[in-house]
Amino acid sequence: MLNARIKLRHLQAFLEVARQRSFARAAERLAITQPGISKTIRELEESLGAALFERTPQGVALTQAGLTLLRHAGPAMRALEEGVGAVGEAHGAHGLRVGALSTVESRLLPEAIRRWHAAPGGQNAVGVNVVVGASAFLLSRLRRGELDLVVGRMTEAREIRDLAFEHLYYEPLLLCVRRGHPLAGIAPLEAARLGEFPWVLPPLQTTLRQQVDSFCVRHSLTLMSQRLETLSLPISRRYTLESDAIWVVPEEAVAEDLAAGRLCRLGIDLEPRGGSVGLCYNASMQPSLALEAFCEVLREVSAGHSQGGGAT
C-alpha cells in the first residue's frame, strides 16, 4: 500500500529534479521556490527512508534508490495523467481549461469565448475555465497537464522552451496616463520626465516587466519608489484614472479608454515593436475536438483584431 504521507506533489517534484538534474531548474519549471522544492524532496526521502539524490560537480544525480523510484514513478505518473485525460474526454468533466495573460483579458479571449459558445455544433457544449496569472505560473500548469491552453504574449518567457507556440499577432505595451495629466500631449517626450511620476507596473519576474526594465536601462531612467505593481487590470485602471501615475499596459486593455479620451498615450514608445501574442500548448498531449475548435475561433478573432489596428 502506498505510504499515505507521499502526495502527488512529492512525485511531481522528484520527477522534475530527476529530469533537470538541478533543484534550481526544477523549481523554475514548477514555478515554486528552490527552498520549497528542496523541502518537498526532503519530505519524500524521509517517507521512503532513503536518499534519492546526491550532489556532483555537474549538479545532482540519482542514487540507487532514486533510480529504482524513477523506473516505477515515471510510468505510473504518465499512466495517471492519461487516465485522468481519458475520463475528462469521455465525460467532459473539466471542459476547457485556458490560461490567460493580461494581454488578452480585455478583448481577444472574451470575444473568442462568446463566439465559440454562440456557434452551432456539439464541441462548444462545455464550459470554459479561465485561469489568470503570470506566464511562469500558467506555463508550469500547462506543462503538468493542468491547463489545455495558454493565450497571451509570452515569447519572451523562458518557461516556454519545451512547449509549442503559435503566433497570432503583435501587441505593443503602451505608456498611458489620465486625461489632463501633466505629460499628456507632450511630443516628443523626454524619457527623464517619466521619473517624476509614480508608475503602475507588471510585477517582478514577469515577461512584461522585462520590457520595462530594458526601457529604463536604455534611457538611464530611475523610477521613483512610489509605484503600484500588479497584473490586475481593474486595479491598475482605477489607480491611473484617479492619480498622476504612468501605466504600463497592453494596447488591447486600454483601446476603449483611449478612443473615449479617458486615457492618453504618452509621446514616447516603450518598445520598438510589440510582443508576439499567441497560443501555447503542450504538444505531448492529444488535443480534444473542443480544444481544436476553440483554437480555430481564437485564430479568427485574432485576424480581425490585427486588421482592426491591434498589430504593429
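**Close-up views of a predicted model**

**View 1. The loop that holds E242.** E242 sits in the loop between α8 (233-241) and β10. The structure shown here and in the other views is a predicted model. With a relative accessibility of 58%, E242 counts as exposed. E242 and R178 are separated by 64 residues in sequence, yet their C-alpha atoms are 7.6 Å apart in space.

**View 2. The open sheet β9-β8-β10-β7-β11.** Five strands make up this open sheet, in the order β9-β8-β10-β7-β11, and the pairing is mixed. The edges are taken by β9 (227-229) and β11 (263-265); each has a single partner strand, so one side of each is left without a neighbour in the sheet. On average, and with direction ignored, neighbouring strands of this sheet are turned by 30 degrees against each other. Strand β8 (residues 199-201) runs parallel to β9, and three bridges join the two strands. L201 has E229 in β9 as its bridge partner.

View 3. Within α9, the buried residues are E251, E252, A253, V254 and D257. Just after this helix comes G261, which takes a positive phi of about 85 degrees.

**View 4. The open sheet β4-β3-β5-β12-β6.** Five strands form this open sheet with mixed pairing, and their order is β4-β3-β5-β12-β6. At the edges stand β4 (128-132) and β6 (164-171); each pairs with a single strand, so one side of each is left without a neighbour in the sheet. Neighbouring strands here are turned against each other by 20 degrees on average, direction ignored. Strand β5 (residues 149-153) pairs with strand β12 (residues 275-281) in the antiparallel sense, over four bridges. One of the residues in this pairing is V151, whose bridge partner in β12 is L279. Helix α5 (residues 108-118) packs on the sheet and touches β3 (96-100), β4, β5, β6 and β12. The direction of α5 makes about 175 degrees with that of β4.

**View 5. Strand β3 and its two pairings.** Strand β3 is mostly covered, with five of its five residues buried. L96, V98 and A100 point one way from β3, while R97 and G99 point the other way; all are buried. Strands of a sheet pair through backbone hydrogen bonds, either parallel or antiparallel. The pairing of β3 with β4 is parallel and covers five bridges. β3 also pairs with β5 in the parallel sense, over three bridges. V98 takes part on both sides: V98 stands opposite V130 in β4, and the bridge partner of V98 in β5 is L149.

**View 6. S102 in the loop between β3 and α5.** S102 is found in the loop between β3 and α5. Is S102 buried or exposed? S102 is buried, since its relative accessible area is 11%. Neighbours within four places in sequence left aside, S102 is in contact with L208, L231, L233 and P250.

**View 7. The crossing of helices α1 and α3.** The axes of helix α1 (residues 8-20) and helix α3 (residues 34-48) come within 9 Å and cross at roughly 110 degrees. That makes α1 roughly perpendicular to α3. The crossing of the two helices, α1 and α3, is left-handed. From α1, the contact is made by R9, H10, A13, F14 and V17. From α3, the residues in the contact are I37, T40, I41, E43 and L44. By type, the residues of the contact of α1 with α3 divide into six nonpolar, two polar and two charged. An α-helix has 3.6 residues a turn, so residues three or four places apart point the same way.

Methods:
Residues numbered from 1 in each chain as written. Predicted model: local features only at pLDDT ≥ 70, side-chain atom pairs only at ≥ 80, totals over all residues. Heavy atoms only, no water. Axes fitted to C-alpha atoms, helices over the stretch in contact; angles between N-to-C directions. Parallel < 35°, antiparallel > 145°, perpendicular 65-115°, else oblique. Left-handed = near helix turned anticlockwise from the far one by under 90°. Contact = heavy atoms within 4.5 Å. Nonpolar A, V, L, I, M, F, W, Y, C, P; charged D, E, K, R; others polar. Pairing = 2+ DSSP bridges. Buried < 20%, exposed > 50% of the residue type's maximum accessible area, 1.4 Å probe, protein only.
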